[in-house]
Amino acid sequence: MADLLFNPITLTFLLVLFISATFTFTTIILWLVIAYFKSNLRATYFEHRDRILSTIEYTENEVPVLLGFFHPYCNAGGGGERVLWTAIRDIQRFFPYVVSVVYTGDTDARKEQILAKIKSNFDISINPNRIVFVYLQKRYLVEDNRYPRLTLLGQSIGSLFLGYEALNNVIPDVYFDTMGYAFTYPLVYLLTGIKIAAYVHYPTISSDMLQKVQDQTSVLLKRGVYTKSTIWNMGKQVYYRSFAKIYGYCGNFADIVMVNSTWTKGHIESLWRRDADIVYPPCDTERFSELAITERERFIASLAQFRPEKDHMLQLQSFAKLLENNPDFREGEKKTCLVLIGSSRNEGDENRIQSLRLAAKELDIEDNVIFEINAPFPKLLEWVSRAKVGLHTMWNEHFGIGVVEYMAAGMIPVAHKSGGPLMDIVTEYNNQPTGFLADNVDEFAAHMKTAIDLSPEEYVAIATNARASVCDKFSELVFGDGILRSLRRSLT
């Protein structure tokens, strides 16, 4: 009997039986959990829908279509928000029966305040009778500072809870993720079965990130170095690759996929195994292109939210190198100033701004650096109409709407040699240059000097060509056509 029990064939059979039983049990439990939450949502579907529609006016003959925008930071005031509000404005114009439901975590801002800020920051007017805000209480679950370790995984799992909270408030007819929370797609599909659209600004994880960790690990292994750092890098590699697989699986649930650049398209199609349409983000090229190109001053402007990936520290270091190499730029006739213009979303951003102020002081450039925090649109226009150079330092930025704004406004861009700026924006137009690209402190400093010292004739030639380039490719009209073409089949 013992020989029969410990026979390899018997043990293999028992192991397979155990694994099958475990898998079956897990599947049943998962199915029951999904059925429970699905039943809860279905029970309150009409009640929540009627509650949402009761806040707006519509005729009895109208059959409103609820288009849910999942954008927890809708009041942040950055490039992603310009995409959101431009899309909503254009949808209101062409689909008057569509009611935009914006899921947001900005619980401290009323509807009137948000719409007023949109008008102030972007000069975009939204019809208040065709938009409803659903306030989410669990946005803290997707805050990056909540997860000092395994940040990507923590935020992604947190988005599941936030996504369920959104659905529990009201289930839209179409779910439109405009912030990149792909982990919510299978949740939405399994619990509601509605159409899912995605506008992807950048992949949560990219092959560049995977390659960077792999290269670091390979270098250490080739040297025969087996330290805690080596093991840590190998662990990161497993973590990132596993996360990429799950991220790709979740993204495959999207019915409509739009991306903002060639760089993003390549990564998303590789990870999600889905075709994606490039819809370049909207830039108010018409308004910016009204600004005069001549009589510019020696200002270098930076338009970017104070987020870690924007790498404002690299801007300060590069500017410090510029002043170090050119002492006459500190004061007098050639005095040159760096103007950091951006929005602050939360305490984390405020802390970063304070760190940047201290860094400017330590680098001995504080007298030449100006901070403009949460500047209204007219103030922003004032600065970009005066500045001669636009500075951008984010590595592998998915698109780079700030760079487009520089060029439309008549500034010479000095941008990071990667991502959208490299592939789509700071490219030759009419066989002529449109700006400069750099990827280190010395190159940024050298190109800033070249741009700021251009003669009036050289400056006008490059600035005019750069403006023509972006007005041709990145206008709000081009964006509107792309977004409406992609969504039309789901809204009609």
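**Entry 1: the open sheet**

I looked up the strand order and found six strands forming an open sheet, β10-β9-β8-β11-β12-β13, with parallel pairing. At the edges I noted β10 (369–373) and β13 (436–438), each pairing on one side only. The twist from one strand to the next averages 20°. My terms: strands (E, at least two residues) and helices (H or I, at least four) are DSSP runs numbered from the N terminus, and two strands pair if DSSP finds at least two bridges between them.

This is a predicted model, where local features need pLDDT of at least 70, side-chain atom pairs count only at pLDDT 80 or more, and totals for chains, interfaces and linings use all residues. Residues are numbered from 1 along each chain as its sequence is written, and side-chain values use heavy atoms, leaving out hydrogens and water.

**Entry 2: β8 and β9**

I checked β8 (residues 299–303) against β9 (residues 337–342) and found five bridges in the parallel sense. Phe 299 stands opposite Cys 337 in β9.

**Entry 3: around β5**

Four bridges join β5 to β4 (residues 174–177), and the two run parallel. Tyr 175 has Ile 196 in β5 as its bridge partner. I also found β5 pairing with β6 (residues 256–259) in the parallel sense over four bridges, where Val 200 partners Val 259.

How values were computed
Axes fitted to C-alpha atoms, helices over the stretch in contact; angles between N-to-C directions.
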